[in-house]
Amino acid sequence: MTEPSRPLPPSAESDLRLVERAVAGDARAYELLVIKYQRRVERLIGRMVRDTDLVADIAQETFLRAWRALHQFRGDAQFYTWLYRIAVNSAKKALVDLRRDPVITESALRKAQEDGEETSLLDRELSSDETPETVLAAQEIAAAVNAAMQALPEELRQAVTLREIEGLSYEEIATAMDCPIGTVRSRIFRAREAISARIKPLLERRGGKRW
């Protein structure tokens, strides 16, 4: 005798109903899914592709690919996990295309300039309980973390981003990245170790804790 299936969480159940309606031809139902997840998908892609001019295009490609494959969604995983997998693959494809045609857009240059100006901008926004020294320390650590993240191999960066930034479970990340959960744990561990090694000297100088 088969075990009774567990009820889906309300949000997942709602997503499944929207998918069913969309597959049946209700374009408005899919539009609601796009509205619900567009910002999260764009944020995920933005963590993988630094050129902000490309983020919206890759997100659009993600939702187009999801629309074409929507009939294949069976509800075995939550819809956003399935969608994140498509987003990760779309971003990977864009990164490969960029390596073939490495055009630096104005947006990418502007982002680099903004990263360099970040400390001066924050210096003008000090609150009453902050000092230039504490803000500078925080900025150095944040910059080191960001640099360490960008230096990670692509698969490690994706895994730790999905875990630490998007808050996905190990099971969800395994589904999104199409790999065993043990591989996910290994990638996240290695990513954390690499980031920790990068910022450890800064933390030790300030008596801080390991990341």
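Begin by selecting T81, which touches E172, T175 and A176 when residues up to four places away in sequence are not counted, a contact being heavy atoms within 4.5 Å. What you see is a predicted model, in which local features need pLDDT of at least 70 and side-chain atom pairs count only at pLDDT 80 or more, while totals for chains, interfaces and linings use all residues. Residues are numbered from 1 along each chain as its sequence is written, and side-chain values use heavy atoms, with hydrogens and water left out.

Stay with T81 and colour the helix around it: T81 belongs to α4, residues 79-100, where helices are DSSP runs of H or I with at least four residues, strands are runs of E with at least two, and both are numbered from the N terminus. T81 is buried, at a relative accessible area of 2%, and buried here means under 20% relative accessible area with a 1.4 Å probe, counting protein chains only.

Next, select residues 154-165, which form helix α7, whose twelve residues reach 15 Å from the first C-alpha to the last, close to the 16 Å expected at 1.5 Å a residue; that expected span is 1.5 Å times one less than the number of residues. Within α7, show L156, R157, Q158, A159, V160, T161 and L162, which are its buried residues. Moving on past α7, you come to G167, whose phi is positive, near 75 degrees.

Finally, zoom out to the protein chain, which has nine helices and zero strands. Of its 211 residues, 34% are buried, and among contacts between residues at least 6 apart in sequence, 59% join residues at least 24 apart.

How values were computed: Buried means under 20% relative accessible area, exposed over 50%, partly exposed in between (1.4 Å probe, protein chains only).
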